Amino acid sequence: MLQIENLHVSIEEKPLLKGINLHIKIGETHAIMGPNGSGKSTLSSVIAGKKEYKVNTGTIFFEGEDIIHLSPEARAHLGIFLSFQYPVEIPGVSVVNFIRTSINALRKARGLEDMPRHDMMKTIRKKLDLFGMDRNFLSRPLNVGFSGGEKKRNEIFQMALVNPKLSILDESDSGLDIDALRVISQGINAFKSKKNALLIITHYYRILKYIIPDFVHVLFSGKMVKSGGKKLALDIEKNGYSWIKQFNGI
Amino acid sequence: MEFKKSIVYFYTVQKQLQIPLNRYVYNIRCNAIDLFEKNKKQEVKNYKYDLNYTLFTSRIKRIRKLHLEYFDSFRIFLIDSIYHYDSKISIRSLSKAFYLKEYALNVDVSYEKFLSKKRAVFSQEGIFLYITDGMFVKKPIEILYISTGTFSKMFRTINLIILGKGSCVKIIELYKNLSLGKEKFFISSEVYMNAYSYLDYCKIKDDRPTSYFLDHSCILQEDRSECNINSFSFCGKSIINFLSIYQLGMEIHSHINGLSILKGHIIHNSLIEHISANGKSRDVYKGIFDKMADTTFNGKIIVLKSAKKTNAFQKSSNILLSSEVKVNANPQLEIFAEDVVCSHGCIVGQLNPQEIFYLRSRGIPKADAITKLLVAFSKDILECLFFQRLKNLISKKINKNVIPSRN
């Protein structure tokens with residue numbers, strides 16, 4: 001599904017990613033772990049199409065199509081979804097209005113007509129109940145005055161509604177208490193299927209207790225230094241990121 | 001003397017065009033001209049933003065069709081500044097109001113006392129709206145200024161609006177230029193609000209891109225009265241808004257909401273003067289400017305020594321969509337009283353690229369994402385509007401005007 005080969009990315013001449021290789025197949029769950037400043041969020045933003053970063057060399061293929069020159073919305077139309085680490089606050093746009101616009105924009109890209117309002121509300125309410133969220137949540141301005149947990153829950157809620165092929169979850173566990181983490185993980189697990197793929201970006205093992213990854217990669221100073229199974233995440237939890245340093249002789 | 005000569009010459013032309021002339025207004029105007037000449041230097045300084053315009057215009061050959069929005073309202077037409085008497089509603093032309101006994105006292109007191117002398121120089125005609133004590137006007141009053149380009153561009157329309165004690169009225173002002181030329185609308189409105197009265201005033205400037213507007217409004221408020229002024233500027237070559245509110249009595253509330261979505265030239269000058277205690281004011285102007293827009297905001301709040309426990313807020317927020325836009329914002333506070341809550345601020349900037357990226361990452365195209373953010377930016381101004389049909393109209397106009405020129 002996603003194939004990244006030898007990706008080099010910089011911002012204002014400062015190299016951030018130095019030769020990333022990543023292959024994600026349909027139905028797989030990958031986790032990328034790494035310390036602060038290792039380039040995890042940069043990688044997620046580059047896949048989603050943020051133009052502030054300069055791609056020096058390398059390729060990103062999604063379902064066989066080179067997406068490196070595509071706009072963020074074109075990538076979303078192909079089925080890539082990014083759950084933001086810090087979702088932006090937009091006063092004046094309600095959650096329901098935003099979701100409706102997003103779903104209809106995605107439908108339009110597929111050549112479909114706008115979803116009837118009644119059907120849309122039915123679908124939204126169904127998902128809302130699945131995430132145990134209050135209905136008043138829909139009329140609130142997007143992310144304005146939301147707690148950290150609510151913001152992250154809103155991201156996952158949007159993901160469930162949009163139903164993307166590849167979901168990139170950028171630190172969806174940060175700032176969450178144990179209960180909120182469990183609720184979000186349940187939502188992600190309910191969404192996970194053989195028809196989609198997940199890329200979880202995190203510092204900690206705790207979210208991986210609930211969402212079992214097929215592969216774990218360790219990103220360090222812009223390089224993918226180690227890859228392995230779920231056990232690798234446990235080893236990092238036990239020994240810390242300094243263990244990776246020694247292991248790789250960095 | 002040159003100035004006086006041009007005025008005299010203009011009267012001759014006016015007579016030729018058979019514009020109705022009122023002796024009372026004529027006398028006031030002559031006094032005003034004398035005053036203008038005496039204080040010429042000061043006046044010229046104050047009029048630094050006025051435009052250079054030709055005094056006279058030729059008769060036009062063609063005019064456009066008039067398309068009106070439907071409101072359930074009392075509709076008043078001022079065609080080339082002239083209001084024609086309509087017996088169904090108690091609204092008089094200003095000149096007729098001077099001769100009617102029941103209005104004479106109010107007109108004399110208010111007109112002489114409050115109408116700024118310098119504005120009387122170019123006074124032509126207008127409407128006199130008198131809301132009696134305790135009157136609740138259910139339907140909004142819609143004032144339509146229609147210009148056919150037939151008469152002079154020099155004279156301005158002067159309106160006098162008096163709200164009796166405990167009265168309540170909603171007014172909408174709209175402008176239509178039916179000529180094919182560069183037409184100018186010069187409007188001066190004086191509003192006198194008695195105790196416990198309530199005024200909702202909505203001014204919508206959305207005419208042709210060649211129209212010029214000079215709108216001068218002065219509101220005097222007595223005890224516990226409340227006014228909401230909503231000013232929308234969407235289209236025009238040049239728009240100049242002067243708005244002054246004087247809080248004469250106690251516990252007065254004044255709210256100004258302004259929204260400009262423009263590619264042209266605009267000046268907002270607002271003044272709120274707190275004279276008595278426990279007054280509240282809120283002055284919020286928002287602007288979305290594109291292409292070569294040139295905008296100035298001069299907002300001033302004065303809190304006099306007697307105005308204790310005043311709560312005043314002033315803010316100007318501007319979004320620039322082009323690197324060629326110029327914004328000058330001068331929010332000012334002058335506080336002479338103690339124990340007050342006053343704040344002011346100004347924001348000038350571009351849309352947040354992170355917000356645009358967030359929307360785009362959800363599949364929303366860039367132009368739609370920008371439009372959505374701009375509509376969201378102007379949304380809180382809409383919430384101050386007094387009825388749904390007007391909200392819908394403004395919302396439609398925002399959506400129409402907010403589309404960025406590039407993308």
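Which strand of chain B does S281(B) lie in? Select residues 280-289 of chain B: that is strand 16, and S281(B) lies in it (strands are DSSP runs of E, at least two residues, and helices runs of H or I, at least four, numbered from the N terminus). This is a predicted model, where local features need pLDDT of at least 70, side-chain atom pairs count only at pLDDT 80 or more, and totals for chains, interfaces and linings use all residues. Residues are numbered from 1 along each chain as its sequence is written, chains are lettered from A and ligands numbered from 1 in the order written, and side-chain values use heavy atoms, leaving out hydrogens and water.

Stay on S281(B): at 6% relative accessibility it counts as buried (under 20% relative accessible area, with a 1.4 Å probe and protein chains only). Now show H274(B), whose side chain makes a 2.9 Å polar contact with that of S281(B) (a pair of N or O atoms within 3.5 Å, one able to donate a hydrogen and the other to accept it; residues adjacent in sequence count only if both atoms are side-chain atoms).

Next, hop to chain A and pick residues 40-48, helix 1. Eight of its nine residues are buried, so helix 1 is largely enclosed by the rest of the structure. Just after it, G49(A) takes a positive phi of about 105°.

Last stop: the interface. Zoom in on E73(A) and R360(B), a salt bridge with its closest N and O atoms 2.6 Å apart (the rule wants a side-chain nitrogen of Lys or Arg within 4 Å of a carboxyl oxygen of Asp or Glu). Then colour helix 7 of chain B, which gives seven residues, the largest share of the side touching chain A.

Conventions: Buried < 20%, exposed > 50% of the residue type's maximum accessible area, 1.4 Å probe, protein only.
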